[in-house]
Structure formats: structure tokens, C-alpha cells
Amino acid sequence: MQTTSEQSHHGDVHHEELGFIRKYIFSTDHKVIGIQYGVTAIFFFLFGFSLMLLMRWQIAYPAGTENFKPVPIVADLIEKMLHAESTSMSDGVISSDFYNTLGAMHGTIMVFLAVVPMAFGAFGNFVVPLQIGAVDMTFPKINAASYWCYFAGGIVMVVSFFLPGGAASSGWTSYTPLAVFATTGQTFWLFGMVLLITSSLLGAVNFITTIIQERAPGLTWMKLPFFVWAQFVTGFLLLLAFPPLEAAGVMQLMDRLAGTSFFMPSGLVVSEVLQEQYAGGSPLLWQHLFWFLGHPEVYVLILPAMGIVCEIVANNTRKPIFGYRSLVYAVLSLGFLSFIVWAHHMYLTGMGTVISTFFQTTTMIISIPSVIILTVLFLSLWGGSIRFNVPMLFALAFLPMFGIGGLTGLPLGLNATDIHLHDSYYVIAHFHYVVAPGTIFAMFAGVYYWFPKATGKKMSEFWGHVHFWPSLIFMNLIFMPMFIQGMAGMSRRMYDGGAFYAATDDEIGLPMSVIDLNVNITHAAIGLAIAQLPFLYNLVSSLFKGEKVGRNPWQATTLEWVAASPPPHGNFEGGAPTVYRGPYEYSVPGAKQDFTPQNEPDVK
């Protein structure tokens, strides 16, 4: 933690005026880099969402059935833009190969190019240095390098769509040996992943160092806002879990390009041809290395969201968070336990009863700190003078949505029930309840909450309500029916939406009532897409004609609201503030107002 004199020295330094390119493109200012992450992530959100809409249309109206309808509006454009071999799409009909590409790239883009960069890169970069009273990140140039590695990785992923054979089509998990025999797009996927992982590692080192070294005078560990704690643990998850996957990605590249056999077993036969060049590799090794990252990745997605929700709940209940220390210890426990649950994704690989029992046990245990965090946030609402503004609406919606996602994960963590539910639509519903109406709602809340700090202007409450209510309704109309489909046995891999397995009078199969839900889900997905238009309009229009606000429009207590809106280079005029109290001192008895900022001295 820096001393007052050191912080003041950094704050008083006069910097030469930078040109537009240095200031807004190749910037080393954490605030600009955070906004760059955010804008780029929004683009990938929209791109990944559009891939999902194509998939949903194909599932609802598959070719060869009486429900068939060609893909409207964009079919001709896709056929003209993409290489003919990459789509196998003609007359508005999506082929099974192109459907697999859409599925693989939707998952990859949403997780690695949208949610993680927004939650960790955008919110973390913009908010964390301000909340700890720092003038910038510890390593500004590494911070910039982190963003540009992310940007380059995204470009590589997008370019792969235009290759002969198309983009990666082996699932977002890229399982071997299938991925080793895939088209050139898989090679681009691996190069893109190496760049994205490098970006995350650079960012993780920077966040950890900044939070340890750059805290303002008086800002001890138990005075940190919970959002900072969440980003701190997230940094360690990325730092420890991503290197195995990066190494695995390089090894899969070697299997594809150099003829090695890290993941390729002996005696492999493809299209009745023995692949004699491979010997001694293990396909299961890839699964272990992927899921060792894959499950901590879930908490990389959710912990920043929990941090955002905590800040907004405390601010809009006008009371301290119930059980702050319980939150801190729970998030630290989550970080540790997330490294010893990965194999619950692999029950069907034939693991023995002893090892499956171990991972069942750790999976049940890891639900405890999650429940503690959710309970603390619910209890914090009790007795509060709640302000139902737009950030609070999204934060409140996060609580039951994440609760549904977490509760429905318990059957997947038990071997006996996972055998039936594995790879079904139940898994998709569970995961998306955690990430879509969970994490993404929290990030919407964060955008509405910190937009005034970034721009000096407030987003429209009216358009925020128009955005929130349809989004909440359509999210549930999309994912709740998937639980029914999954328990009925519908596989997530069916490109025709299960029509091929439809039950007839004398056969066992999927009931038509379950298959028909695909149409309802697709209509809800289109509705969800339309519901995002008010948000995009609100975001852009508020930049130009939003209500101008001062430093602290929400009457909040944490340090980012001490800085000007938007904050200048160096963040705090006259050096970093000194911290005298905890982060959530609202409605303190005897105080002259219902919020007491962290930098306000005690009155003797």
C-alpha cells in the first residue's frame, strides 16, 4: 500500500498532452482501457447473440419437417459473405456442419470474448483503481497489451468464419480427437484462444499487484469494497487456471500441425482408415486440462457479477451490507474450492466410484459459500429503504435468477442424476440461468450504475425500464422450458431440434409437446433481441443528451465517487484520498446524512 506522499506525488505529476491516437486508441489509462474492453465486448455480445438466433431458427423450423421455414432476412447475406464451403447453406437452409460451427462459436464468443472481458476487463479496469484510490494500474503498458491481445484474439476468431471449411465446429470445449481432424477454422480457434488466454493472464497479474500495492492510505483489507474482493479472487482464478488450458491449446496445435500425439490414442480409426501416425495420446487428458479451467471459469463469470450486485444493493437499500466478513470469507472459499470440482463435468468418461464420490462431495460443498453470498444479499434487503431505480431492478433480478441456476446445478453434480441429464437441454438451461439472467443482468446493472461516473451523464430511467421488464420476461421464457426438454431427454446436439427422434404411435421417443417448445423458445429469443434495442438507444443517446450529474449522483460511500465525473488522468485531484472507514456506512446513527463516504474523517 502506497504512502500518502507517494500517492500525492503520482497525483501531482504533469503529463504532456497526448494526441487522439495515444489518448483513446493506444491508451495506457485504465479508464480508457476499461471502456475499450466494454465497447468491444458489447460488439461480441451482439455477434454471439446473432449466432444463437440462427441456431434457434434452425431448431424451431428444421428442413425436412412440416414446420420448415428458411432463415429469413440474413440468409442471402450470409451465403454471399462467407465462403461457400464454410456454410453449406443454401436457400435459407442451415446444414448440420454449419449448425455445429454456430454452436461452437456461440459458446466461445460469449464466454471468452464477451462475458469475461466485460466482467473482468471492462468493469475491473474502470472501477477497481478508482475504488482503491489508485492513480492507475500498477503496469499501465501491460494493461494496454492485455486489451490488444484480447482484440487480436477476437479478430482471429471472426476471420475464421471466412476460411474454406468455416470456423471451428468441434464445440466450445474443442474435444479431441474430433478437434484434431476438424477444418482449418479449428487451428484459428486455437491461435485465438492462446491470444485470449495471454490477455487474461496479463490482466490477472496486473489486478492482483494493483490491489495489493496501490491501495489508498488507510484502506486496509477489511475496508475494501466487496467488488474489489471479487475481482481480486477472480484474478487468482485466471492466473492459476488458464495456464493449463494454454499449454493444452499449444499441444492440440502440435497434434494438428506437427503430427504429435498428446491427445491422440493408438489404434484410432477414422472413416475405416487406421491412423497409424498417432500413438499413445490420451483424449481424456484434454478434458482434464480444459475443465480444470472450465469450472473456475464459471466463477470468473459470476464473482464480478456478485461484486457489482453487492455495491448496488448496499447503495439502494441505504444500509450496510449484512455480514460483510461472511461475504469476504465466502468468496475466498469459492476461489479455493473451484479448483477441486472440475471432474463433475466428466462423470460419463468412466471414472471409478471413489473419485466420482470425491468430486460429488466437493461439488456439494462449493454450493455452501454460494448460498452464503446469496443469503447475505437477500438479508441485506431486510429493513432497507429501497430505491427501485434501474440498476437496483437488474441487481434484484440477479438474485432469484442466480438462485435458480445454482439450485438446478445440484442434480448435475451428483453422478446418478447426471448420467441422465448430461449433454441435455437441462444443462443448457442450468448454465444459462447462471450466466444470462445472472451474470449479464448484473453487468447491465453495472452499466447503468457506473455510466454517470464514466461520462458525467445519467442514462434514462424510462428507457431502462423498457429494457428491463421485457428482458426479464423473455429470459425466463427462453430458458425455463429447456429444463422440461432436458428432463424429457432432448440432447443439446440435435440440429433438427429433436424432430428425428419424435415419438410415433408405436415407438418411444421425444413427445411432440416437448419438441414444439422449440418454436416458443425461438420466438422468446427474438423478443429478447428486440428488448435490447432500448438499451442500445439509451446507451448512445445518453452520451449526447443524458442528464448531467455531479461526482456522486447515487449518494454512495466508496472512493470512486470522490473523483470527478468523468475522472481526469490520475483520477483524484491533489492525490489519493485517505480512508477512515468501511465501504458501506449508510444510515449511520447521528450522521448528518444517510451516507458517510470512506474518505470522510471521524468527528472527534
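Which residue forms a salt bridge with Arg318, and how far apart are the closest N and O atoms? Asp594 is the partner of Arg318, and the closest N and O atoms of this salt bridge are 3.0 Å apart.

## Basis of the model

This is a predicted model, in which local features need pLDDT of at least 70 and side-chain atom pairs count only at pLDDT 80 or more, whereas totals for chains, interfaces and linings use all residues. Residues are numbered from 1 along each chain as its sequence is written, and side-chain values use heavy atoms, with hydrogens and water left out.

## Salt bridges

The structure holds seven salt bridges, a salt bridge being a side-chain nitrogen of Lys or Arg within 4 Å of a carboxyl oxygen of Asp or Glu. Asp594 is partly exposed, with a relative accessible area of 31%, while Arg318 is buried at 5% (buried means under 20% relative accessible area, exposed over 50%, partly exposed in between, with a 1.4 Å probe and protein chains only).

Another salt bridge joins the side chains of Arg492 and Asp423, at 3.7 Å from N to O. These two residues lie 69 residues apart, Arg492 in the loop between helix 16 (461-487) and helix 17 (512-515) and Asp423 in the loop between helix 14 (415-421) and helix 15 (425-455). Both are partly exposed, Arg492 with a relative accessible area of 24% and Asp423 with one of 27%, and a network of salt bridges links Asp423, Arg492 and Arg493. Lys31 and Asp29 also meet in a salt bridge, at 3.0 Å from N to O, and both of these residues are buried.

## Packing of helices 7 and 8

The axes of helix 7 (residues 140-159) and helix 8 (residues 184-213) come within 8 Å and cross at roughly 160 degrees, the axes being lines fitted to C-alpha atoms over the stretch in contact, with angles from 0 to 180 degrees between N-to-C directions. Helix 7 is therefore roughly antiparallel to helix 8, a term for angles over 145 degrees.

The contact (heavy atoms within 4.5 Å) involves residues including Ile142, Cys149 and Met157 of helix 7 and Phe188, Trp189 and Leu196 of helix 8. By class, this contact has 14 nonpolar, nine polar and no charged residues, where Gly counts among the polar ones.

Note on methods: Helix = DSSP H or I, 4+ residues; strand = E, 2+ residues; numbered from the N terminus. Parallel < 35°, antiparallel > 145°, perpendicular 65-115°, else oblique.
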